[in-house]
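New notebook page, new structure.

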Amino acid sequence: MTPEALSTLAVFAIVATVTPGPNNLMLMSSGVNFGLRRTLPHLLGVATGFAVMIAGVGMGVSQVFEWYPPAYDILRVACGAYLIYLAYKMAFSGGKVTTQKQKTRPMTFFQAAMFQWVNPKGWTMAITATSLYASDHSVIGVLIIAGVFGLVCLPCNSLWVGIGSRLAGFLNVRKRLQVFNFSMALLLLGSVLPTLVQ
């Protein structure tokens with residue numbers, strides 16, 4: 001990969017990972033409800049899981065849709081169902097003002113990594129990146145793309161966790177936190193609705 005291609009890939013990766021989407025909305029919500037330290041496994045799971053997903057897509061996983069077209073519709077339904085479930089959990093999560101009877105916990109590293117495979121924005125980004133920057137699907141090219149995204153995800157996604165943790169003090173009032181969590185749940189659904197209804 002030429003230096004010019006690498007620099008444009010880095011810009012594409014920054015724009016793709018810093019803009020709103022399911023990962024960033026959930027990370028911000030986790031930052032509000034659980035703080036930066038408890039959200040770290042979630043953050044690392046996103047970066048690692050997405051890099052692995054890009055490697056898989058670039059090495060041929062997405063060809064399943066060509067071999068078996070109904071797989072795309074199955075994936076869309078699975079994505080939609082899981083995101084509705086996550087939005088429900090987000091809307092009614094309790095976070096810092098939760099009572100002992102209503103304990104919730106942040107997403108784990110493994111859950112965050114596996115979520116990438118049912119994230120519609122993630123699929124779009126992975127397919128676009130590998131199509132544009134590794135059209136020959138060479139192993140080295142795909143691994144470079146995966147590595148760039150893995151590195152870029154951490155600082156870009158950390159911004160959203162940081163915003164959430166900064167808001168935590170203001171939202172440490174039950175009514176405000178409930179409104180915030182419900183709003184994040186609606187935004188989560190809204191961020192993927194265009195992808196799911198295509």
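**The cavity**

I started with who lines the largest cavity: helix 1 (3-18), helix 2 (22-58), helix 6 (120-133) and helix 7 (139-167) each give at least two residues to that lining. Helices here are DSSP runs of H or I, at least four residues long, numbered from the N terminus. Helix 2 has the largest share of the lining, with five residues.

Housekeeping before I go on. This is a predicted model, where local features need pLDDT of at least 70 and side-chain atom pairs count only at pLDDT 80 or more, while totals for chains, interfaces and linings use all residues. Residues are numbered from 1 along each chain as its sequence is written, and side-chain values use heavy atoms, with hydrogens and water left out.

I searched the whole structure and got one cavity of 30 Å³ or more. The space in the largest cavity is about 120 Å³. It has 16 lining residues, and A16, T17, N23, M125 and N157 are the closest to its centre. My note on terms: on a 1 Å grid over the protein atoms alone, a cavity is a set of points where a 1.4 Å probe fits but cannot get out, a pocket is an open set with protein on both sides within 12 Å along at least five of seven lines, and lining residues have an atom within 4 Å of a point. Volume is the space filled by probe spheres set on the points, which are joined across faces, edges and corners.

I sorted the cavity lining by class and found six nonpolar, nine polar and one charged residues. (Ala, Val, Leu, Ile, Met, Phe, Trp, Tyr, Cys and Pro count as nonpolar, Asp, Glu, Lys and Arg as charged, and the others, Gly among them, as polar.)

**Helix 1 and helix 6**

Next I looked up how helix 1 sits against helix 6: they pack at about 170°, with axes 11 Å apart. (Axes are lines fitted to C-alpha atoms, for helices over the stretch in contact, and angles run from 0 to 180 degrees between N-to-C directions.) That makes the two helices roughly antiparallel, the word for angles over 145 degrees. Helix 1 brings A5, T8, L9, F12, A16 and T17 to the contact, and helix 6 brings K121, M125, T128, A129 and Y133. Contact means heavy atoms within 4.5 Å. By class I get seven nonpolar, three polar and one charged.

Last, I checked the largest pocket, which holds about 430 Å³ of space. Of its 19 lining residues, F34, K89, R105, P106 and M107 are the closest to the centre. Helix 2 and helix 4 (70-91) are the elements giving two or more residues to this lining.

How values were computed:
Angles under 35 degrees count as roughly parallel, over 145 as roughly antiparallel, 65 to 115 as roughly perpendicular and the rest as oblique.
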